[in-house]
Amino acid sequence: MYIDDDEWFGDSSAIIDFFNTGEYQKYNTAYYIPRNYTTVDGKDFENFWALRMSRLTRDLHYDGVKHNYAIFQDVLAKIK
């Protein structure tokens, strides 16, 4: 699991439960919905799905210096 250095969780209880209950073992990846505020007053924002949890395998690695993103080797092989 990773998050960008400008992200934070307001309430992390659901994520803690996800790991403590073992629910994470059912999945290879998991997403969460970060909120990007578009105005200073916080009234306007956009939500989007972000891949931030992945089961590490030899076919998966992360790339990027400031904003990491997952690279799945088996998918790249099919595209090339």
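Met 1 is found in the segment before α1; helices (H or I, at least four residues) and strands (E, at least two) are DSSP runs numbered from the N terminus. Met 1 also contributes, with Ile 3, Phe 19 and Tyr 24, to a nonpolar surface patch of about 330 Å². Such patches consist of residues with over 30% relative accessible area and no salt bridge, where like charges are joined within 9 Å and nonpolar side chains (Val, Leu, Ile, Met, Phe, Trp, Tyr) within 5 Å.

The model is predicted: local features need pLDDT of at least 70, side-chain atom pairs count only at pLDDT 80 or more, and totals for chains, interfaces and linings use all residues. Residues are numbered from 1 along each chain as its sequence is written, and side-chain values use heavy atoms, with hydrogens and water left out.

**Overall architecture and confidence**

The protein has 2 helices and 6 strands, arranged from the N terminus as α-β-β-β-β-β-β-α. Of its 80 residues, 20% are buried; buried means under 20% relative accessible area, exposed over 50%, and partly exposed in between (1.4 Å probe, protein chains only). Among contacts (heavy atoms within 4.5 Å) between residues at least 6 apart in sequence, 32% join residues at least 24 apart.

The mean pLDDT, the predictor's confidence in each residue on a scale from 0 to 100, is 79, and 75% of the residues reach 70 or more. Confidence is highest in strand β3 (residues 45–47), with a mean of 93, and lowest in helix α2 (residues 73–79), with a mean of 51. Over residues 75–80 the pLDDT is below 50, and this stretch has 1 contact in the model beyond near neighbours in sequence.

Glu 7 lies in the segment before α1 (13–20) and counts as buried because its relative accessibility is 17%. Its side chain forms a polar contact with the side chain of Tyr 32 at 2.7 Å. A polar contact is a pair of N or O atoms within 3.5 Å; within protein, one must be able to donate a hydrogen and the other to accept it, and residues adjacent in sequence count only if both atoms are side-chain atoms.

Phe 9 is likewise placed in the segment before α1; at 29% relative accessibility, Phe 9 counts as partly exposed.

Ala 50 belongs to strand β4 (residues 50–54) and is buried, since its relative accessibility is 3%. Between Ala 50 and Ile 33, 17 residues apart in sequence, the C-alpha distance is 6.1 Å.

| Residue | Residues in contact |
|---|---|
| Glu 7 | Tyr 32, Pro 34, Arg 52 |
| Phe 9 | Met 1, Ile 3, Ile 15, Tyr 32 |
| Ala 50 | Ala 30, Tyr 31, Tyr 32, Pro 34 |

**The salt bridge**

A search of the whole structure finds 1 salt bridge, defined as a side-chain nitrogen of Lys or Arg within 4 Å of a carboxyl oxygen of Asp or Glu. The side chains of Lys 26 and Glu 23 form this pair, at 3.3 Å from N to O. Lys 26 is exposed, with a relative accessible area of 61%, whereas Glu 23, at 27%, counts as partly exposed.

Notes: Accessible areas come from the Shrake-Rupley method with a 1.4 Å probe; for residues, only the protein chains shown count as cover. Lists of a residue's contacts leave out its neighbours within four places in sequence.
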